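Here's a quick briefing to read alongside the model. Have the sequence and the 3D view open, and we'll go through it topic by topic.

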Amino acid sequence: MTIARALLIFDSGVGGLSVLRPIRDLLPSAPIVYAADNAGYPYGTKSEAEIAARVPALLGRLAERFDPRLIVIACNTASTIALDAVRAALDVPIVGTVPAIKPAAAVSKSRVIGVLGTDATVRQPYVDRLAAEFASDCIVLRHGSAELVDLAEAKLRGEPASPAAYARCLDGLLSQPGGDRLDTIVLACTHFPLVEEELAAAAPRPIAFVDGNEGIARRTAWLTRDHRWPAEPGEGTAIFTRRSPGIEAYRKGLISYGLGRIGVL
């Protein structure tokens, strides 16, 4: 299953598919290897030490096997904790994912924004620095939701969820002091854009949802601007890190993203 000089897109689960879509729009013929670390899922409830130890080593194995042209760490938790270590360890261009606090602050009229991510992401000092630099005149509320990550995974498997589940995830932000004035939410986990429509439908009022996926795609295209891609798009590959009967439930959803081949690392 060797794929020469593909783009390697990495996440703990299927959240990185929300990053793959805009990358496909800009680079439609680029070979794609999508790696989902189902053996380590979920990242958002793990400690910083666990993520820092796991992600560089795993990406090293993936880079050795697939020799990618570029790696996208399509996971806010992995990026905010392990991005520097991965860049130091691998001689491959690395694009990370960070919470889109800057664009959220630019569009908020009430100056109250929410950061909706995993527990591990929202507590990172990196988020403190982004808020101080780009949203110093805003109230920045934070909420970590492992449940919403699971809801996004279930959606790709074709499993329905009740609107009340999405409302419950939003309530973690809206019920905080100042939450009644919140008008913009940063989707600070790549899983969450996959369920943006469900979140918008569950919201008690119009709320703007912001993510950084378009910017990641532009950065990826820029860093590979001199690379000659195939003339025609090919079938992409999805790689899981643990063999499991549950992988088959993702097949239909993965095919909808152009990932027709499925394998295990």
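## Ser145 and its surroundings

Leaving aside residues up to four places away in sequence, Ser145 touches Leu116, Gly117, Thr118, Asp119, Cys169 and Phe192, where contact means heavy atoms within 4.5 Å. This is a predicted model, so local features need pLDDT of at least 70 and side-chain atom pairs count only at pLDDT 80 or more, while totals for chains, interfaces and linings use all residues. Residues are numbered from 1 along each chain as its sequence is written, and side-chain values use heavy atoms, with hydrogens and water left out.

- Ser145 sits in the loop between strand 6 and helix 7; helices (H or I, at least four residues) and strands (E, at least two) are DSSP runs, numbered from the N terminus.
- Is Ser145 buried or exposed? Ser145 is buried, at a relative accessible area of 4%; buried means under 20% relative accessible area, exposed over 50%, and partly exposed in between (1.4 Å probe, protein chains only).
- From Ser145 to Leu70 you count 75 residues in sequence and 30 Å in space, C-alpha to C-alpha.

- Four strands make an open sheet in the order 6-5-7-8, with parallel pairing; two strands pair if DSSP finds at least two bridges between them.
- Strand 6 (139-144) and strand 8 (208-210) are at the edges with a single partner strand each, so one side of each has no neighbour in the sheet.
- From one strand to the next, the twist averages 25°; angles run from 0 to 180 degrees between N-to-C directions, and axes are lines fitted to C-alpha atoms, for helices over the stretch in contact.
- Strand 5 (residues 112-117) runs parallel to strand 6, and six bridges join them.
- Val115 is found opposite Arg142 in strand 6.

**Helix 7 against helix 8**

- Helix 7 (residues 146-156) packs with helix 8 (residues 163-174) at an angle of about 145°, and their axes are 9 Å apart.
- The crossing of helix 7 past helix 8 is left-handed, meaning that the near helix is turned anticlockwise from the far one by less than a right angle (clockwise would be right-handed).

**Cysteines**

- How many disulfides does a search of the whole structure find? The search comes back with zero, a disulfide being a pair of cysteine sulfur atoms within 2.5 Å.
- Cys169 is in no disulfide, and the nearest cysteine sulfur, that of Cys189, is 11 Å away.
- Cys169 counts as buried, at 1% relative accessibility.
- Cys138 is buried too, with a relative accessible area of 13%.

- Another open sheet has six strands in the order 4-3-1-2-9-10, and the pairing is parallel.
- Strand 4 (94-95) and strand 10 (259-264) are the edge strands, each pairing on one side only.
- Strand 3 (residues 70-73) pairs with strand 4 in the parallel sense over two bridges, and Val72 is opposite Val95 in strand 4.
- Strand 1 and strand 2 run parallel and are joined by five bridges, with Phe10 opposite Ala35 in strand 2.
- Five of the five residues of strand 1 are buried.
- In a regular strand, side chains alternate between the two faces of the sheet. In strand 1, Leu7, Ile9 and Asp11 point one way and Leu8 and Phe10 the other way, and all are buried.

**Helices 1 and 2**

- Helix 2 (residues 48-66) lies across strand 1 (7-11), strand 2 (32-36), strand 3, strand 9 (236-240) and strand 10, and runs at about 155° to strand 1.
- Helix 1 (residues 17-26) is mostly covered, with seven of its 10 residues buried; Leu17, Val19 and Arg24 are among them.

**Ala249**

- Ala249 is in the loop between strand 9 and helix 11 (251-256) and counts as partly exposed at 38% relative accessibility.
- Ala249 touches Leu156 and Arg157, not counting residues up to four places away in sequence.
- Ala249 and Ala154 are 95 residues apart in sequence and 9.4 Å apart in space, C-alpha to C-alpha.
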